[in-house]
Amino acid sequence: MKLIVIDVQKGIMKEDIYMGSVVLSNIEKLIYEARMNDVEIIFVRHDRGEGSDLTIGQEVHNICDEIKPLPSEKVFDKKINSMFGNSELKEYLLSSSDRDLMITGLKTNFCIDASIKSAFDLGFKVTVPEYCNSTTGSRFMSGETTYEYYNTLIWPGKFAEIVSFKKALLMLKTE
């Protein structure tokens, strides 16, 4: 299994993320458990491009300090929602015999959804721990409603297995 952490960047966490502190804390605990059990962690950052509010080189583009990658851990940048938009990451994951991914991060209805569905399409087994992804609200749905919509209706039984946070920690211990 590989633990994937998508777009948990300083600039995105500044937004009104539903249960943001809980999600960040949960991801921090998953990272700790993965490190203690030699589970590979891959960090993915979104780059909105030159002149945008989330560009490589800006402080807001950096991963949140609470979950800062170790020098030995892989960090990939992407310009589209799906993490598979980064061809190096896609090739790296496809070349591995390990087809299990635990996906966490931001935002549920954009980069997380696109990455989960792309991973499923490419034959990966996807696990999504509860309260380890989140988003902001929109004029159509609150952040909470959006989170519930994807985590209880869209992904389970179709694109991913949704597991309790406790089970996710146990899964990382048994790898």
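Trainee: How do the axes of helix α4 and helix α5 lie in this structure, within what distance and at roughly what angle do they cross?

Mentor: In this predicted model, the axes of α4 (residues 108–121) and α5 (residues 143–154) come within 11 Å and cross at roughly 20 degrees.

Trainee: Why is α4 called roughly parallel to α5?

Mentor: Angles under 35 degrees count as roughly parallel, and the crossing is at roughly 20 degrees, so α4 is roughly parallel to α5. The crossing in which α4 passes α5 is right-handed.

Trainee: Which residues make the contact?

Mentor: From α4 come Thr-108, Asn-109, Asp-113 and Lys-117, and from α5 come Thr-146, Tyr-147, Tyr-150, Asn-151 and Ile-154. By class, the residues of this contact divide into 3 nonpolar, 4 polar and 2 charged.

Trainee: What makes a set of residues a nonpolar core, and which residues have the most contacts inside the largest one?

Mentor: The members must be buried nonpolar residues joined through side-chain atoms within 4.5 Å; the largest such core has 30 residues, and Val-5, Val-8, Leu-30 and Ile-67 have the most contacts inside it. Among the elements that give two or more residues to this core are β1 (2–6), α2 (20–36) and β4 (100–106), and α2 gives the most, with 6 residues.

Trainee: Which residues is Val-5 in contact with, leaving aside its neighbours within four places in sequence?

Mentor: Val-5 is in contact with Ile-27, Ile-31, Ile-41, Ile-42, Phe-43, Val-44, Ile-67 and Thr-104.

Note on methods
Residues numbered from 1 in each chain as written. Predicted model: local features only at pLDDT ≥ 70, side-chain atom pairs only at ≥ 80, totals over all residues. Heavy atoms only, no water. Axes fitted to C-alpha atoms, helices over the stretch in contact; angles between N-to-C directions. Helix = DSSP H or I, 4+ residues; strand = E, 2+ residues; numbered from the N terminus. Parallel < 35°, antiparallel > 145°, perpendicular 65-115°, else oblique. Left-handed = near helix turned anticlockwise from the far one by under 90°. Contact = heavy atoms within 4.5 Å. Nonpolar A, V, L, I, M, F, W, Y, C, P; charged D, E, K, R; others polar. Buried < 20%, exposed > 50% of the residue type's maximum accessible area, 1.4 Å probe, protein only.
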